[in-house]
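Colleague: I would like to learn how to read a structure like this one. Please show it, and then we can go through some of its features.

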Amino acid sequence: MSMMPGVIDRYREHLPVTDATPAVSLGEGSTPLVRSQSISDSLGCKDLYFKLEGCNPTGSFKDRGMVMAIAKALEAGKKRIICASTGNTSAAAAAYGARYQLETLVLVPAGEIALGKLAQAMAYGARILAVNGSFDDALTAVREIVEIMDIELVNSVNPYRIEGQKTGAFEIVDELGEAPDLLCIPVGNAGNITAYWKGFTEYQSMGKSETTPKMMGFQAAGAAPIVRGEPVLKPETIATAIRIGNPASWEKAEAARDESEGMIDMVEDSEIVDAYLRLAREEGIFCEPASAASVAGLIKLPELGVDLTGKTVVCILTGNGLKDPGTAEKRALVELEYVEPDIDSVMKLLNSGK
Ligand SMILES: *Cc1c(COP(=O)(O)O)cnc(C)c1O
């Protein structure tokens, strides 16, 4: 056991756990809410915070939902788990699967998984099937497989995933003392926006906050089915974690948007990369491209007519930048300066006016 309680221990009374539910944890949740140093000023918000979900045990928010799904699978006596994944779900499934001796099968779109995520699934010992198709194709296959095999589905269509992920909203309210005015979040399969909305509304109905935030979801322009109002057959974006053309929680995401009087919009890959680099270079926060979509969206809001003056905003930075070294290498490349290891050579280089 880690000293910090995991999400099941921390929020037990708000989760579907019983005495028969095993105490599963890798120390997930309780992630930092870090105040903006720079981006906030340029937007004029009152307060802007980044929730660093990349600090979870496998480097993304998926651990919050996975811990619940695994606890319930163990409670039901399951021996095997399966998921389709753009990478982070497979990393989380593989980690908890390894720890609790569940055989783990992951289906990923061949050639579309960021290197760090694939490395994790391999290291944790999952069986990895690379399918000749998109994430959406992989999820369709997985949904068919669970109909005929005794294996637990741990994608976010598993309601326990949503239950676990709603704890992110609880943490924000517990820390700020109230709900923010706006919550900016990337939208892929749309489980997370669904989960946050559930968390905020549950906390409000229990009197833990007076208000709920407007849910501001952002898809990548090349993978924006909800914005465009129809599935995208060949989703394309640098942000592989949200490269999804037919989100499983489509209607729930629209409900979260409408009930909260928020919006779901889209951002270009160039805007995602700009936000990704600003986060790293102005805020010292290295997140993965999909996560930066939340900040890219926030930066666009004034153009879309949303007044941020005096507002408290939280952006969910869903995953760690180390997940995707390939993007850093391509988009944040800094030329190495080769030098001999002596003081004269170093001083000569530094003084050369470069
Ligand atoms: C899964 C994931 C998303 C998208 O979340 P959904 O619940 O699928 O909408 C965004 N960012 C990262 C880093 C993810 O791993």
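Colleague: Leaving aside neighbours within four places in sequence, which residues is Thr 318 in contact with?

Modeller: First, the ground rules. This is a predicted model, in which local features need pLDDT of at least 70 and side-chain atom pairs count only at pLDDT 80 or more, while totals for chains, interfaces and linings use all residues. Residues are numbered from 1 along each chain as its sequence is written, and side-chain values use heavy atoms, with hydrogens and water left out. Contact means heavy atoms within 4.5 Å. With those neighbours set aside, Thr 318 touches Glu 53, Gly 54, Gly 59, Ser 60, Phe 61, Pro 186, Asn 192, Ala 290 and Ser 291.

Colleague: Where does Thr 318 lie, and is Thr 318 buried or exposed?

Modeller: Helices (H or I, at least four residues) and strands (E, at least two) are DSSP runs, numbered from the N terminus. Thr 318 belongs to the loop between β10 (312-317) and α14 (325-331). Buried means under 20% relative accessible area, exposed over 50%, and partly exposed in between (1.4 Å probe, protein chains only). Thr 318 has a relative accessible area of 8%, so this residue is buried.

Colleague: How many residues surround the ligand, and which are the closest?

Modeller: A residue counts as near a molecule if one of its heavy atoms lies within 4 Å of it. Here 16 residues surround the ligand, and the closest are Lys 62, Asn 88, Asn 189, Asn 192 and Thr 318.

Colleague: Which loop holds Glu 261?

Modeller: Glu 261 is in the loop between α11 (250-259) and β9 (263-267). Glu 261 is not a glycine, yet has a positive phi of about 60 degrees. With 60% relative accessibility, Glu 261 therefore counts as exposed.
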